[in-house]
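Please take a moment with the sequence and the structure before reading on. The paragraphs that follow go through the parts step by step, starting with the domains.

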Amino acid sequence: MKMPSRPTFLRGLGAALLATAIALPAAAQQQPAAPASSTIDAIRARGTLVCGVNTGLAGFAQPDSQGVWRGFDVDYCRAVAAALLGDANKVRYVPATAQARFTALQSGEVDILARNTTWTLSRDTSLGFDFAAITFFDGQGFMVKRSLGVNNAAQLDGATICVQPGTTTEQNLTDWARANRIRFTPVVIERLEDNINAYLAGRCDAYTTDVSGLAATRAVQANPNDHVILPEVISKEPLGPLVRHGDQRFADLVRWVHFGLVGAEELGITTANVQEMAASDARPEVQRMLGRNGDLGRMLGVDNAWMVNVIRSVGNYGEVFARNLTPIGIQRGPNALWTTPGGLQYAPPFR
Amino acid sequence: MSDITVNTPIGSEPRSAPITAVGPIAWLRANLFSGWLSTAVTLVIGYVLVRAVMGFVDWAFVNAIWSVPVTNGVAQTQACRELHGSGACWAVVTEKHRFMLFGTYPYEQHWRPALVCILFVALYIVSSLRRFWNWRLIPIWTVTLTAIGVLMWGGIFGLPYVPQERWGGLPITLILATFGLAFAFPLSVLVALGRRSSLPAIKVLCVLYVELIRGVPLISLLFMASVMFPLFLPEGMNIDKLLRAQIAIILFAGAYLAEVVRAGLQALPKGQYEAADAMGLSYWQKTGFIILPQALRLVIPPLVNTFIGFFKDTSLVLIIGIFDLLTAGKTAIVEPSWQGFGVEVYVFVGLIYLVFCFAMSKYSQGLEAELNRHRRR
């Protein structure tokens with residue numbers, strides 16, 4: 001084996017190491033560049049939408065016993081695929097952990113991240129993402145045992161509280177306790193399931209996570225009425241799908257798929273009647289939304305029958321919610337239509 | 001002589017020792033009930049053991065529920081919850097075993113990953129038989145691994161294509177462990193030899209590699225592979241997530257195994273090296289015929305120890321969203337109706353790990369005994 005003379009080799013090695021040392025941070029700080037070609041074209045060419053989802057969260061994204069992905073976020077992937085490709089099954093699901101999810105989107109490993117991600121300013125700007133819409137209004141709350149006799153969060157002074165580490169949940173809890181001058185002992189447990197078990201076993205007085213998670217846990221207990229979800233919601237967690245910055249057409253499409261789902265619920269369009277309404281409903285807004293009149297689909301860069309495909313595959317917002325979240329005990333609450341008191345889901349006009 | 005045998009009837013069988021001096025009773029007496037303290041300790045431990053075993057049998061078999069009705073795709077687990085932990089709810093395994101074993105692989109195609117697991121086990125068995133320890137192993141491995149790839153991906157021979165992110169469960173664990181160790185082991189031998197090389201550049205490179213990789217936890221390497229590495233690649237270029245994790249595991253296992261192999265190299269008496277040199281063997285002849293066979297034989301126990309460790313370490317890929325056996329098990333109990341039945345799932349998954357690790361351990365013991373036979377003359 002012939003080696004280059006030693007000094008040359010070592011100098012070369014040193015130069016290479018130096019170059020790597022300089023290149024690494026530069027590459028790490030590099031903002032994701034705007035995609036050269038449009039995401040919509042890339043998805044069309046590929047024939048499938050690649051969707052980043054949670055690795056397993058009840059009601060939102062979870063493989064069932066047969067390994068088929070189901071859930072609220074999964075239905076949004078299916079809806080976008082139905083609008084863009086005409087077939088809700090043309091989706092590849094990439095399970096992404098909380099730590100890896102943003103890189104997966106930045107690096108183009110996924111087209112869209114529908115992974116119960118909270119919309120925050122920094123994620124919208126410095127991470128280089130566009131949040132398309134708020135599909136689910138969540139917030140952090142507390143659950144206690146009814147036998148404790150606690151009716152509101154202010155009574156939790158001195159309590160032990162089970163919480164997951166490293167999430168905004170833990171920060172919110174600390175912020176809230178400081179703001180309200182409440183002393184508490186945190187019981188920090190990494191896994192969600194262990195947290196729940198610790199709470200059930202009485203290791204802590206209260207258990208805190210997003211209200212949707214609390215409701216899901218409460219609903220499956222042998223006697224759900226033994227547990228109370230306190231009325232206080234201590235944080236805002238607007239969840240929604242996000243896409244890369246710089247491709248407004250795709251962001252628009254995802255946004256309007258959500259508005260279409262909400263609008264369809266408002267107009268009473270369901271999986272069962274969508275074909276019939278597309279053919280015969282006389283209301284102008286229905287005609288525009290379902291593509292019988294006007295050119296709304298083409299303006300978004302998809303087929304004019306896009307909403308028919310979406311509703312046919314996943315149903316309207318209410319149906320998506322009822323299929324995935326109602327069974328695990330989550331109420332509509334703020335996610336009701338704006339026409340209901342307290343409801344926040346609102347769709348701009350389809351015109 | 002005659003006075004000793006005077007009372008012994010001629011031709012009678014020799015009497016066996018009294019039953020209180022040999023046999024199980026004597027053993028019990030000598031070891032468990034030799035004094036009041038020993039007797040007390042024996043009784044207490046015996047009581048605890050019997051209680052524990054009876055409790056386990058009650059939990060795992062007597063009070064256990066093996067299946068629950070499923071209506072509209074939602075399992076009715078009230079019966080299990082009413083046990084309040086007094087019995088196992090094996091229904092979760094009955095309902096979810098295919099998901100745990102094969103992850104999100106298309107349900108109707110599950111025979112393919114099942115066949116892959118069988119192929120892997122067959123490959124292990126064939127490779128462990130000394131009869132096959134020759135050139136024939138290379139085609140056997142090539143053919144089997146190709147078959148495994150074809151079965152998992154499909155896309156030819158009328159098998160529908162299954163993208164990698166739908167793979168999961170036991171095949172993922174076996175793929176990561178098998179490829180990881182199969183590539184890491186040769187790498188580790190080269191690195192171990194390199195660390196003892198007299199060429200400074202090679203030596204420095206090998207030392208750097210080993211110390212760098214050993215200096216960071218596997219989990220951070222996996223993070224590097226899954227989170228940072230894609231950012232360095234040009235836009236639109238993506239290396240498969242599983243492949244990235246696989247390379248991280250190979251590099252990590254390589255560094256650890258290299259140190260094990262180096263220990264074997266150092267344990268060899270210097271005379272072996274000198275004798276080989278005196279024979280006029282080249283470096284590779286010396287290494288291949290004299291040094292490595294002896295050195296590797298010395299380090300079988302730590303090698304297998306590392307193998308077993310890595311087989312289990314593959315479960316760390318859960319942090320980058322790959323559904324290996326353990327992650328699939330954990331995901332199975334995310335569904336609200338199955339929440340709280342983690343113990344049953346962990347027992348099931350643990351048993352599978354135990355089977356593989358115990359087989360490795362037993363095999364290595366046999367191998368060690370066989371290869372070290374010359375020492376016990």
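**Domains, sheet and helix packing**

In chain A, 6 residues of domain 1 are in contact with 6 residues of domain 2, where two residues count as in contact if their C-beta atoms, placed from the backbone, lie within 7 Å. On the side of domain 1 of chain A that touches domain 2 of chain A, the residues divide into 3 nonpolar, 3 polar and no charged; here Ala, Val, Leu, Ile, Met, Phe, Trp, Tyr, Cys and Pro count as nonpolar, Asp, Glu, Lys and Arg as charged, and the others, Gly among them, as polar.

This is a predicted model, in which local features need pLDDT of at least 70 and side-chain atom pairs count only at pLDDT 80 or more, while totals for chains, interfaces and linings use all residues. Residues are numbered from 1 along each chain as its sequence is written, and chains are lettered from A and ligands numbered from 1 in the order in which they are written.

Domain 1 of chain A covers 39-137 + 238-331 and domain 2 of chain A covers 140-235, with bounds that come from an automatic or database domain assignment. The C-alpha centres of these two domains of chain A lie 31 Å apart. Chain B is divided into domain 1 (16-57) and domain 2 (102-375), and the C-alpha centres of these domains of chain B lie 44 Å apart.

Helices (H or I, at least four residues) and strands (E, at least two) are DSSP runs, numbered from the N terminus. Chain A has an open sheet of 5 strands in the order E10-E9-E11-E8-E12, with mixed pairing; two strands pair if DSSP finds at least two bridges between them. At the edges of the sheet are strand E10 (184-188) and strand E12 (227-229) of chain A, each of which pairs on one side only. Within chain A, strand E9 (residues 159-163) and strand E11 (residues 206-210) run parallel and are joined by 2 bridges, and Cys162(A) stands opposite Tyr207(A) in E11(A).

How do the two chains meet? In the model, 43 residues of chain A are in contact with 42 residues of chain B. Helix H1 of chain A gives the most to the side of chain A that touches chain B, with 5 residues. The residues of that side of chain A divide into 24 nonpolar, 14 polar and 5 charged.

Two packed helices are described by the angle between their axes and the distance between the axes. In chain B, helix H10 (residues 241-267) and helix H12 (residues 283-298) pack at an angle of about 115°, with their axes 8 Å apart; axes are lines fitted to C-alpha atoms, for helices over the stretch in contact, and angles run from 0 to 180 degrees between N-to-C directions. H10(B) and H12(B) are therefore roughly perpendicular to each other, since angles under 35 degrees count as roughly parallel, over 145 as roughly antiparallel, 65 to 115 as roughly perpendicular and the rest as oblique. The residues making this contact include Val261(B) and Gly264(B) of H10(B) and Ile291(B) and Ala295(B) of H12(B).

Also in chain B, the axes of helix H7 (residues 170-195) and helix H13 (residues 300-313) come within 9 Å and cross at roughly 140°, which makes H7(B) oblique to H13(B). Ala177(B), Gly180(B) and Leu181(B) of H7(B) make the contact with Phe307(B), Phe310(B) and Phe311(B) of H13(B).
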